[in-house]
Protein chains: 2
Amino acid sequence: MSDLLERLRGRGWRMTAQRRVVAEVLDGEHVHLTADEVHMRAVVKLPEISRATVYNTLGELVTLGEVLEVTTDRRAKRYDPNAHRPHHHLVCAGCGQIRDVHPSGDPLADLPDSERFGFKVSDVEVTYRGLCPTCATTA
Amino acid sequence: MSDLLERLRGRGWRMTAQRRVVAEVLDGEHVHLTADEVHMRAVVKLPEISRATVYNTLGELVTLGEVLEVTTDRRAKRYDPNAHRPHHHLVCAGCGQIRDVHPSGDPLADLPDSERFGFKVSDVEVTYRGLCPTCATTA
DNA sequence: ACCAGAGCTTAGACTCTGTCTAAGTCAATC
DNA sequence: GATTGACTTAGACAGAGTCTAAGCTCTGGT
């Protein structure tokens with residue numbers, strides 16, 4: 001993700017301060033931020049950046065495959081900068097934190113033809129749920 | 001799900017016309033309805049039933065483990081009456097239809113301890129995405 | 001059968017995410 | 001440096017879901 005700006009420029013992106021800031025925020029911490037959290041962090045670096053621009057930019061990054069959208073609950077979408085290494089997610093039911101995980105085995109291969117109903121299956125998403133160490137002891 | 005009302009009464013549920021209607025709607029068709037669709041179908045049988053009651057009742061059914069919440073996109077949650085048989089979901093990226101599927105293999109077993117970060121992992125949710133036969137030919 | 005009151009239901013206001021719009025601004029090219 | 005279309009902005013809007021305050025009603029006790 002370090003040469004992200006280069007890659008984006010190569011794809012014909014007009015390079016603006018706003019887009020640079022959003023990219024930097026995602027590049028900075030390797031966590032799963034909501035659009036709003038990205039916005040809050042972006043505002044620190046560029047106070048006049050608007051919510052709409054953050055949404056737009058995140059959407060573009062997703063379309064370009066540079067960032068992944070993660071939907072673990074009905075609350076906000078989260079954005080995962082780790083788009084270039086396939087992985088799944090482990091979510092804490094208590095505090096909502098998300099970790100990337102790499103299970104062995106291929107769930108796609110585990111779906112027999114008879115269970116595909118003629119679908120062209122292209123993707124699997126696996127979400128593990130549980131309690132993180134902190135929430136497990138508190139609860 | 002046929003003796004659902006019995007079970008609910010056994011758990012101390014006060015039996016009201018509204019709850020009966022919501023349970024009947026879920027019992028009726030084995031599809032994955034949104035809360036709003038449940039409401040629309042419920043209104044046919046009991047015109048004065050309110051949206052809030054449908055939401056409340058669905059929430060209670062989920063808490064009791066009689067119904068599963070399915071979140072496949074950023075749109076509405078869907079409710080799956082098939083809560084007593086473990087299964088996963090296959091979602092069409094085109095039209096959004098959902099089918100229950102039963103993969104072989106256990107994704108929970110595929111998550112090594114080293115990838116659990118001390119979490120007490122209790123549940124996995126697998127969502128296959130693809131195109132249904134109709135959408136695959138149209139697209 | 002009747003009463004009391006906890007529990008349920010209601011309408012509508014509210015919140016939270018996210019999208020859209022119209023007007024203004026600016027990066028990249030000439 | 002001027003031009004222009006892409007980008008950004010503020011704020012209005014929309015969809016899904018939650019909350020609240022007031023009123024009803026189911027159920028258990030008399």
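This is a predicted model: local features need pLDDT of at least 70, side-chain atom pairs count only at pLDDT 80 or more; totals for chains, interfaces and linings use all residues.
1. Cys92(A) belongs to strand β4 of chain A, residues 88-92. With a relative accessible area of 2%, Cys92(A) is buried, since anything under 20% falls in that class.

2. How far is Cys92(A) from Val25(A), in sequence and in space? The two sit 67 residues apart along the chain, and their C-alpha atoms are 23 Å apart. Val25(A) is one of the buried residues of helix α2(A), so here we have two residues that both count as buried, by the under 20% cut-off.

3. For orientation, chain A has five helices and six strands. Reading from the N terminus, the order is α-α-β-α-α-β-β-β-β-β-α. The C-alpha trace spans about 50 × 45 × 25 Å along its principal axes. Of its 139 residues, 41% count as buried. Among contacts in chain A with a separation of 6 or more, 50% come from residues 24 or more positions apart.

4. Now have a look at α2(A) itself. This helix has twelve residues and runs 16 Å from first C-alpha to last, close to the 16 Å expected at 1.5 Å a residue. Its buried residues are Arg19(A), Val21(A), Val22(A), Ala23(A), Val25(A) and Leu26(A); note that an arginine is on that list. What do these buried residues pack against? In chain A, the partners are α1 (4-10), β1 (33-34), α3 (35-45), α4 and β3 (78-80).

5. Helix α2 (residues 17-28) and helix α4 (residues 51-63) of chain A pack at about 65°, their axes 10 Å apart. That makes α2(A) and α4(A) roughly perpendicular to each other, because the class takes in angles from 65 to 115 degrees. The crossing of α2(A) with α4(A) is right-handed. On the α2(A) side, the contact uses Gln18(A), Arg19(A), Val22(A) and Leu26(A); α4(A) brings Thr53(A), Val54(A), Thr57(A), Leu58(A), Glu60(A) and Leu61(A). By type, the residues of this contact are five nonpolar, three polar and two charged.

6. Over in chain B, check α3 against α4. The axes of helix α3 (residues 35-45) and helix α4 (residues 51-63) of chain B come within 9 Å and cross at roughly 120°. α3(B) and α4(B) are therefore oblique to each other, and their crossing is right-handed. Ala35(B), Asp36(B), Val38(B) and His39(B) of α3(B) meet Arg51(B), Val54(B), Tyr55(B) and Leu58(B) of α4(B). That contact divides into five nonpolar residues, one polar and two charged.

7. Last, a backbone point to check by eye. Most residues other than glycine have a negative phi. Phe117(A), though not a glycine, has a positive phi of about 50°. Where is Phe117(A) found? Its place is the loop between β5 (98-101) and β6 (120-131) of chain A, and Phe117(A) is partly exposed, at 33% relative accessible area. In chain B, Phe117(B) has a positive phi near 50°. Phe117(B) lies in the loop between β5 (98-101) and β6 (120-131) of chain B, and counts as partly exposed at 33% relative accessibility.

Key
Residues are numbered from 1 along each chain as its sequence is written. Chains are lettered from A and ligands numbered from 1 in the order in which they are written. Side-chain values use heavy atoms; hydrogens and water are left out. Axes are lines fitted to C-alpha atoms, for helices over the stretch in contact, and angles run from 0 to 180 degrees between N-to-C directions. Helices (H or I, at least four residues) and strands (E, at least two) are DSSP runs, numbered from the N terminus. Angles under 35 degrees count as roughly parallel, over 145 as roughly antiparallel, 65 to 115 as roughly perpendicular and the rest as oblique. A crossing is left-handed if the near helix is turned anticlockwise from the far one by less than a right angle, and right-handed if clockwise. Contact means heavy atoms within 4.5 Å. Ala, Val, Leu, Ile, Met, Phe, Trp, Tyr, Cys and Pro count as nonpolar, Asp, Glu, Lys and Arg as charged, and the others, Gly among them, as polar. The expected span of a helix is 1.5 Å times one less than its number of residues. Buried means under 20% relative accessible area, exposed over 50%, partly exposed in between (1.4 Å probe, protein chains only).
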